[in-house]
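Biologist: I am new to reading structures, and I would like to learn how to go through one feature at a time. Could you take me through this one slowly?

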Amino acid sequence: MKTIKTEIKWGIIFTLTALLWMVLEKALGWHDEQIAKHAIYTNLFAIPAILIFVFALKEKRDKDYNGQMTWVQGFVAGVVISLFVALLTPLSQYLTHSFITPDYFSNAIEHAVSQGQDRGQMEAYFNLNSYLFQSALGAVIMGVVTSAIVALFLKKK
């Protein structure tokens, strides 16, 4: 495998995009007055997330592999991006919940309790430690799946 500069670059771009998405969610009220919509609308982040992987693997193919890339090369590059995003997760989660939306956890807990959920279970779920784990694991799982699919479309012999 060639250098991983491209993967690091796109891992940073992904993380910055995710932080900007959190600013957007907060601005649209999905973390407070419109929190009932959060569980549905947050899934729209899949669109920029997939596009980032497309752009990243296309750049990897065109610049690092001289326009030719096997599925395995694309998949591995995507997995490396995913692992780098997972490594950046503690920083991004800290920034999100300390500066962008510090009341998110309490708002999410109160909303869930108002919907009949158990407060203790919601407090165990909606907290920084839980989100650190969920985000890192999610970055790897979704990144691997996305990488496999995107690499299939971008392979070129």
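Modeller: Let us begin with the lining of the largest pocket, where helix H7 gives the largest share, with 13 residues. Please keep in mind throughout that this is a predicted model.

Biologist: Which other elements supply at least two residues of that lining?

Modeller: Besides H7, the elements that each supply at least two lining residues are helix H1 (5-27), helix H2 (38-41), helix H3 (46-64), H4 and helix H5 (104-114). The lining is made up of 45 residues, and those that lie nearest the centre of the pocket are Met22, Thr42, Asn43, Phe45 and Ser135. The volume of this largest pocket is about 1400 Å³.

Biologist: How should I read a nonpolar patch on the surface, and which residues form the one here?

Modeller: The general idea is that a residue can join a patch if it has over 30% relative accessible area and no salt bridge, and that nonpolar side chains are joined within 5 Å. In this structure the nonpolar patch is formed by Trp71, Val72, Val76, Phe133, Leu137, Ile141, Met142, Val145, Ile149, Leu152 and Phe153, which together have about 1100 Å² of accessible area. Two elements give two or more residues to this patch, namely helix H4 (71-100) and helix H7 (128-154), and H7 gives the most, with eight residues.

Biologist: Where is Ile149 placed, and is Ile149 buried, partly exposed or exposed?

Modeller: Ile149 sits in helix H7, and Ile149 is partly exposed because its relative accessible area is 46%, a value between the limits of 20% for buried and 50% for exposed.

Biologist: What makes a pair of residues count as a salt bridge, and how many salt bridges does the structure hold?

Modeller: The general idea is that a side-chain nitrogen of Lys or Arg must lie within 4 Å of a carboxyl oxygen of Asp or Glu. The structure holds seven salt bridges, and one of them joins Lys26 to Asp32, whose closest N and O atoms are 2.8 Å apart. Lys26 counts as partly exposed, because its relative accessibility is 26%, and Asp32 also counts as partly exposed, at 21%.

Biologist: Is Arg61, which forms a salt bridge with Asp62, buried or exposed?

Modeller: Arg61 counts as buried, because its relative accessibility is 7%, whereas Asp62 is partly exposed, with a relative accessible area of 33%. The closest N and O atoms of this salt bridge are 2.9 Å apart. A further salt bridge links Arg119 with Glu110, with 2.7 Å between the closest N and O atoms; here Arg119 is partly exposed at 35%, and Glu110 is partly exposed at 43%.

Biologist: Which residues are linked in a network of salt bridges?

Modeller: The network of salt bridges links Glu7, Lys60 and Asp64.

Biologist: Finally, what is there to notice in the backbone at Asn66?

Modeller: The phi angle of Asn66 is near 50 degrees, which is a positive value in a residue other than glycine. Asn66 belongs to the loop between H3 and H4, and Asn66 counts as exposed because its relative accessibility is 64%.

Key: Residues are numbered from 1 along each chain as its sequence is written. This is a predicted model: local features need pLDDT of at least 70, side-chain atom pairs count only at pLDDT 80 or more; totals for chains, interfaces and linings use all residues. Side-chain values use heavy atoms; hydrogens and water are left out. Buried means under 20% relative accessible area, exposed over 50%, partly exposed in between (1.4 Å probe, protein chains only). Patches are made of residues with over 30% relative accessible area and no salt bridge: like charges are joined within 9 Å, nonpolar side chains (Val, Leu, Ile, Met, Phe, Trp, Tyr) within 5 Å. Accessible areas come from the Shrake-Rupley method with a 1.4 Å probe; for residues, only the protein chains shown count as cover. Helices (H or I, at least four residues) and strands (E, at least two) are DSSP runs, numbered from the N terminus. On a 1 Å grid over the protein atoms alone, a cavity is a set of points where a 1.4 Å probe fits but cannot get out, and a pocket is an open set with protein on both sides within 12 Å along at least five of seven lines; lining residues have an atom within 4 Å of a point. Grid points are joined across faces, edges and corners, and a volume is the space filled by probe spheres set on the points.
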